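These are my notebook entries on a structure that I had not opened before. I begin with how the copies relate, then go through the sheets, the helices and a few backbone details.

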Number of protein chains: 2
Amino acid sequence: MEKSLPIPDLDGAMALIREKVLPLETEQVTLEHAAGRVAAENLDGLQPIPDFDQSTRDGFAPATEGPFEETSGLVRFRIRGEIAAGDTRNHTVAQGDCLRIMTGAMLPEGADRVVPWERCRVSGEFLELFSDELEGGEHFVRRRGSELKQGSLLLGGGKVISPEHQVHLAAAGNERVAVVRRPGVACFCTGSELVRSGQPVQPGQKVSGNRFLLTGLGRRFGGIPEDLGVIPDTAGELDSCFQKLAQQNNDLVVSTGGMGPGKYDLLEESFVRAGGEVWFRALMLRPGKSILFGRLGKSFFIGLPGPPPAVRTLFNELVGPLLLRLQGVERTYPRVVTAHLSQKLRRKKTGVMMFSGGQLFFKDGRCLVRPASKMEVPDCLIVIPAHRKSFKPGSRVSVHLVSAPFSPALS
Amino acid sequence: MEKSLPIPDLDGAMALIREKVLPLETEQVTLEHAAGRVAAENLDGLQPIPDFDQSTRDGFAPATEGPFEETSGLVRFRIRGEIAAGDTRNHTVAQGDCLRIMTGAMLPEGADRVVPWERCRVSGEFLELFSDELEGGEHFVRRRGSELKQGSLLLGGGKVISPEHQVHLAAAGNERVAVVRRPGVACFCTGSELVRSGQPVQPGQKVSGNRFLLTGLGRRFGGIPEDLGVIPDTAGELDSCFQKLAQQNNDLVVSTGGMGPGKYDLLEESFVRAGGEVWFRALMLRPGKSILFGRLGKSFFIGLPGPPPAVRTLFNELVGPLLLRLQGVERTYPRVVTAHLSQKLRRKKTGVMMFSGGQLFFKDGRCLVRPASKMEVPDCLIVIPAHRKSFKPGSRVSVHLVSAPFSPALS
């Protein structure tokens, strides 16, 4: 266990994750179940959008071809019938005639424009217009393929499908889509002092809160979390936990606690006894002094430290990106933004890169950030480079956004 | 039906929503089920965080009171035992003695500091230190109430509970929380040309995509959507739909389509025949030329127009805020940001305020926005005031963010 291992920085850790972690297999789902899933391949429209020329107004579709009856600038078309939205018949309009047409209805053959209802005067069986009222009528027609040509790209592989994409896919006739399987994530918290919420708490004990982070953030990154509960910090309990996990098919196992160098931190020993392979046990990053990353049977394993702010930060920076990688998400996460500090920032010098919780805000077109207060939930992480420990107000800093890459359409 | 109704602007519509819509009733849930729910009242910590003085390191807790054995700067404490994390006994350390202590364990009476393991030398039954190594040891103790005093505010009423808040609530001993009931939202799409995804589509018909927006965005704003499907645009079908809805207990009913001034747009007539009360049928806003807002039995009703970009925009600006209002969310939604246009923007002059889809991005501490392209999903809406139709690159514009106020912890 004490063998020497590399201590990567954040980029090194991410490079290792990209090397070791490959996207899960593809599955087909109906469009209805596609929201919040990751497209496994480029999704091209099967049909053009729209797939027929259609009216965008209620009105009349006059024949393109004249001559019309014309008296002092007034033209007349004989009204020959009507086309309702959803009418699936093939209509044709003959020279000098017109058809009533409803919003969404298919333009008849022989017509190239629509005159909206409110511009029209009907006199008996005739539509009467001033000839200049015909102009611009082509703007009330959505042409076949005008929004999307058949076979054009709708959504790139590796992107998360949103309800808005579902609308486009439906319009393009894509009824089923190939998505990447969602990763199963087994979570547990270790610590002999931990008690589940709802159980009686003695002095010296505390309620385990990290389970809410592991399951909640796991879901936020597209995983399907399974909460294994609190595992006491003893060799026997940890051995039995890891031995079970080694036989299971979780894509990822995440734990919190048991990561320090102390006597009772038996997690790594048990992990290795169960067959676990350790790739790193520390990072050039704070938090990140203690973090276990490796593989156990079919599962990747990340052991996070115990303090919730560290869990939150390392989840955002490493566990989340690993879950995205398992789902084949191509876009870079987290999103990095440059912001101006609205107040001074001073932190203990650690000699390594450090993350500090922040709150981003916007003023007059500028991005500003302030350090988050103690019990506040940060919406970003301020990057403090290894060589810096204080910043003046107005300094430019890099921040990593803490945001949910998946929409709540996930269930 | 043709009675004259006010045509409010966006602020007027929101004022009406605030006047008519009140938060739903409160329910108690266990902490486990609190993520994504809205706090119905201020949530104060029931216990301080932490609720006992605890060590943040594995190490030794020496008695505060000397004298210690001291030889040429070296002090010695007799090791009297140890305190594991989770140990619920009351330990005391006597003058000149120390106890081993583990991370998270309760500090014994008689001690006020912890000396981390890595600074300590153990010689037989003694701990040996240079006296200056005792200094700073108080920093390795998390004091009772140092993060949150008992009874302090953890989360204000009207805020959405995140996994991060659950961690705080767990630590403060709050096992149950009062939340606002989630609103039930019945959705349907009308249009005789519409076909459900997966059904065969004839020329002249199209697949209904708006159902994905109504259900997906409904969930994004905390609602529990029920999809009533496609309702044909006939008086008989609409009458029967509204008459059923008038007897039900939905908090909100949302429809798309059937909103134009044309012959087949029977929605408002059927709504009124079923007992619906109309509050407005148009807004001084584009999109928003046709939008029905009113009440039917126990439900609020919003009838949106048919084009998906209009559905998306009006959902973000009105339906979403209404759902938030039903849940007692106090914060202003959507979030308004000033950004610089990265390219020129030109739109048809409408004489009323207009929203145009945009993509927000950040560069060197500045917020920039560009118009979204046709098939792109916008992440913000650019506000175009009534009197403007073109903007030069670099112009400052207001944008409304399109973001999910709820985390995916909702299921």
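Predicted model: local features only at pLDDT ≥ 70, side-chain atom pairs only at ≥ 80, totals over all residues.

Residues are numbered from 1 along each chain as its sequence is written, chains are lettered from A and ligands numbered from 1 in the order in which they are written, and side-chain values use heavy atoms, with hydrogens and water left out.

**Entry 1: the sheet in chain A.** I traced an open sheet of six strands in chain A, in the order S17-S14-S18-S22-S21-S19, with mixed pairing. Helices (H or I, at least four residues) and strands (E, at least two) are DSSP runs, numbered from the N terminus, and two strands pair if DSSP finds at least two bridges between them. The edge strands of chain A are S17 (224-231) and S19 (277-280), each of which pairs on one side only. Neighbouring strands of this sheet are turned by 20 degrees against each other on average, direction ignored; axes here are lines fitted to C-alpha atoms, for helices over the stretch in contact, and angles run from 0 to 180 degrees between N-to-C directions.

Phe280(A) has Phe293(A) in S21(A) as its bridge partner. Helix H4 (residues 235-247) of chain A packs on the sheet, touching S14, S17, S18, S21 and S22 of chain A, and its direction makes about 175 degrees with that of S14(A). Helix H6 (residues 308-326) of chain A lies across S14, S18, S21 and S22 of chain A, running at about 170 degrees to S22(A).

**Entry 2: one residue within that sheet.** Is Ile302(A) buried or exposed? Ile302(A) sits in strand S22 (residues 299-304) of chain A, and at 2% relative accessibility it counts as buried; buried means under 20% relative accessible area, exposed over 50%, and partly exposed in between (1.4 Å probe, protein chains only). Leaving aside residues up to four places away in sequence, Ile302(A) touches several residues, among them Leu252(A), Val254(A), Phe293(A) and Leu322(A).

**Entry 3: two helices side by side.** I then checked helix H1 (residues 10-20) of chain A against H6(A): their axes come within 10 Å and cross at roughly 25 degrees. That makes H1(A) roughly parallel to H6(A), since angles under 35 degrees count as roughly parallel, over 145 as roughly antiparallel, 65 to 115 as roughly perpendicular and the rest as oblique. Among the residues that make the contact are Leu10(A) and Ile17(A) of H1(A), with Leu318(A) and Leu322(A) of H6(A).

**Entry 4: an enclosed helix in chain B.** Ten of the eleven residues of H3(B) are buried, so this helix is largely enclosed by the rest of the structure. What covers its buried residues includes helix H2 (163-171) of chain A, together with S14, S17, S18, S22 and helix H6 (308-326) of chain B. Just after H3(B), Gly222(B) takes a positive phi of about 90 degrees.

**Entry 5: backbone details.** Most residues other than glycine have a negative phi, and most peptide bonds are trans. With that in mind I noted a cis peptide bond between Arg286(A) and Pro287(A), with omega about -5 degrees; Pro287(A) lies in the loop between strand S20 (285-286) and S21 of chain A. In chain B, a cis peptide bond likewise joins Arg286(B) and Pro287(B), with omega about -5 degrees. Asp364(A) has a positive phi of about 50 degrees although it is not a glycine, and its place is the loop between strand S25 (353-363) and strand S26 (366-371) of chain A. Asp364(A) is partly exposed, with a relative accessible area of 47%.

Notes:
Contact = heavy atoms within 4.5 Å.
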